[in-house]
Amino acid sequence: MKRNRSYYIILVLILFVVTYSAYAAYQKQKNGPVFLDNHVFQRYNDQWGLWVDLNAEKKTLLEKASEFGILAQEVMEINHLTEAELKRLKRSIFFPYSAEYMRNLQEKELFRETIESPIDQFIWPVLPNNKSRISSRIGRRWNTWHTGLDIAIPKNSVVLAAADGVVEEAARGGDYGLAVKIYHHDMNHFHTVYGHNQELLVKPGDVVKKGQIIAFSGNTGKSTGPHVHFEVRFHNVYLNPENFLTPFEEGVATNLVGFAD
C-alpha cells in the first residue's frame, strides 16, 4: 500500500512539473518581446538588413552590396531579381547585413527596438515619434463613415505589421492608394489594413511577424497628407482599432537591444 502511495505521489509531482513548465512557456510566449523594425534594422526572409531604393541613392547594386559587406549575387537571390529587372529597377530591394557590418553598427550604439506585447494584442503600425499624431478616428466624417484610424506621419516612415499574419492583398486599391491587407489567423481571424503608402515591401502570400516592416508611408489614393490609414476588421465589419491598442498618448515604451535573438 505504501509503495502504491509513493508511486501516486511521484506521478502527481511529475504531472505538476510538466504542467507548470508548459504554463511557464505559454506565459513567456504570451508576453514575449516583439522586435520592431526601424530605419536602421529591418527584417526580411529571416535576415537583418535594409530596404534600399538604389535610384534615390544613385548607387549601383554592386556599390551598395560592397558597403554592407556582402556579395551582389546574394542580393539578387534574396530579392529574386533578374538581370533584366535590375536594368529597369523601380522598387526598393533588400540588402542583408554582413556580420562585420552589424558589429560596426553596434559599436556606433545603433540598435533595434523591442517592446513587451501580449500575443493577443495588436501593436501600433508606426514607430512612436514627436511627428506622429492621430489625425482622424473611426466614425462619421464629412457625411460619410470613416472606417479606420488615421495616423499622420512623415512620408517614407516605417509601417509595421500590427500582429503575426499572412498578407492577403498588397496593391493599389482605389481610395486606399497603395495598401496592405493582412489576415491574422491566431487573433480571432481578424484582418488589418494599412493604406496610403508610398511603397509596399510585401506581396500576397508573405508570412509576416508582428513589428516587421511591410511598407513605407505616403500620400497615395484619396488622401490630404502623408499618413497611415489603419483598419481592424472582423468578417468585413469595421472595428475601432483603438480598442485593440495601447493608448496612443502613451506612445510605445521601447528598450534598445542588440542583435542576439
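Buried residues, meaning those under 20% relative accessible area with a 1.4 Å probe and protein chains only, make up 43% of the 261 residues in the protein chain. This is a predicted model, in which local features need pLDDT of at least 70, side-chain atom pairs count only at pLDDT 80 or more, and totals for chains, interfaces and linings use all residues. Residues are numbered from 1 along each chain as its sequence is written, and side-chain values use heavy atoms, with hydrogens and water left out.

The accessible surface of the protein chain, from the Shrake-Rupley method with a 1.4 Å probe, comes to about 15,200 Å², and 54% of it belongs to carbon and sulfur atoms. Of the contacts (heavy atoms within 4.5 Å) with a separation of 6 or more, 66% are between residues 24 or more positions apart.

The protein chain has six helices and 18 strands. These are DSSP runs numbered from the N terminus: helices are H or I with at least four residues, strands E with at least two. Two strands pair if DSSP finds at least two bridges between them.

An open antiparallel sheet is formed by three strands in the order β2-β3-β4. β2 (42-44) and β4 (93-96) are the edge strands, each with a single partner, so one side of each has no neighbour in the sheet. On average, neighbouring strands of this sheet are turned by 60° against each other, direction ignored. Axes here are lines fitted to C-alpha atoms, for helices over the stretch in contact, and angles run from 0 to 180 degrees between N-to-C directions. Helix α3 (residues 61-68) lies across β3 and β4, at about 30° to β4.

| Strand | Partner | Bridges | Residue pair |
|---|---|---|---|
| β3 (residues 47-52) | β4 | four | valine 52 and isoleucine 93 |
| β1 (residues 33-36) | β5 (residues 112-116) | four | valine 34 and isoleucine 115 |

Strand β1 has a covered face with Val34 and Leu36, and an uncovered face with Pro33 and Phe35.

The second largest pocket has a volume of about 610 Å³. Of its 24 lining residues, Arg141, Trp142, His146, Asp150 and Lys222 are the closest to its centre. The elements giving two or more residues to this lining are β6 (133-136), β8 (144-146), β9 (149-152) and β16 (227-234). A pocket is an open set of points on a 1 Å grid over the protein atoms alone where a 1.4 Å probe fits, with protein on both sides within 12 Å along at least five of seven lines; lining residues have an atom within 4 Å of a point. The volume is the space filled by probe spheres set on the points.

Technical notes:
Buried < 20%, exposed > 50% of the residue type's maximum accessible area, 1.4 Å probe, protein only.
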